[in-house]
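Hi,

Here is the structure I promised to pass on. Have a look at it first, then read my notes below.

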Amino acid sequence: GRQCITNIRTFADAYFFSFQTQQTIGYGNFAPESHGGCGFHIFLVALQTMLGLIADAVIVGTLVCKLQRPQNRSSTMMFSDHIIVTQRDGVNYLAFRIADMRKHVLSL
């Protein structure tokens, strides 16, 4: 019979076609054909694209939530008990110390 997607002969070919579809790279060696009897294959490609988009949205959303999550910084920041006003080059400066008490500064 006729192929619904040209040049698909192995699982690797089908996987590569699926990857091209998902990443919207475009079709080179493999391309869908529209002729009778390919409705199921078109449905599978559309379903795979929708599920891939949902997976991408969940992954990106999870990362954004993790990176933008507010943290209780008041318990990990310490300020000095004393402040000073000093003069350098004729300009007054207010000085105090801040300490970050987290064990790993770059950890999320």
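A quick definition to start: accessible areas come from the Shrake-Rupley method with a 1.4 Å probe, and for residues only the protein chains shown count as cover. On that basis, the chain has an accessible surface of about 9,100 Å², and 64% of this belongs to carbon and sulfur atoms.

Two housekeeping notes. This is a predicted model, where local features need pLDDT of at least 70 and side-chain atom pairs count only at pLDDT 80 or more, while totals for chains, interfaces and linings use all residues. Residues are numbered from 1 along each chain as its sequence is written, and side-chain values use heavy atoms, with hydrogens and water left out.

Now the overall layout. You'll find 2 helices and 4 strands in the chain, in the order α-α-β-β-β-β from the N terminus. (Helices, H or I with at least four residues, and strands, E with at least two, are DSSP runs numbered from the N terminus.) Of the 108 residues, 12% count as buried; buried means under 20% relative accessible area, exposed over 50%, and partly exposed in between, with a 1.4 Å probe and protein chains only.

Next, the helices. H1 (residues 11–22) has 12 residues, and at 1.5 Å a residue they should span 16 Å; the end C-alpha atoms are 16 Å apart, so the two agree. (The expected span is 1.5 Å times one less than the number of residues.) The buried residues of H1 are Asp13, Phe17, Gln20, Thr21 and Gln22, and H2 is among the parts that cover them.

Phe43 sits in helix H2 (residues 39–67) and is partly exposed at 48% relative accessible area.

Finally, there is 1 aromatic pair. Phe79 and Phe96 have ring centres 6.4 Å apart and planes at 40°, so the pair is tilted. (Rings of Phe, Tyr and Trp, its six-membered ring, pair if their centres lie within 6.5 Å; planes under 30 degrees apart count as stacked, over 60 as edge-to-face and the rest as tilted.) Phe79 is exposed at 52%, whereas Phe96 is partly exposed at 45%.

Cheers

Notes
Contact = heavy atoms within 4.5 Å.
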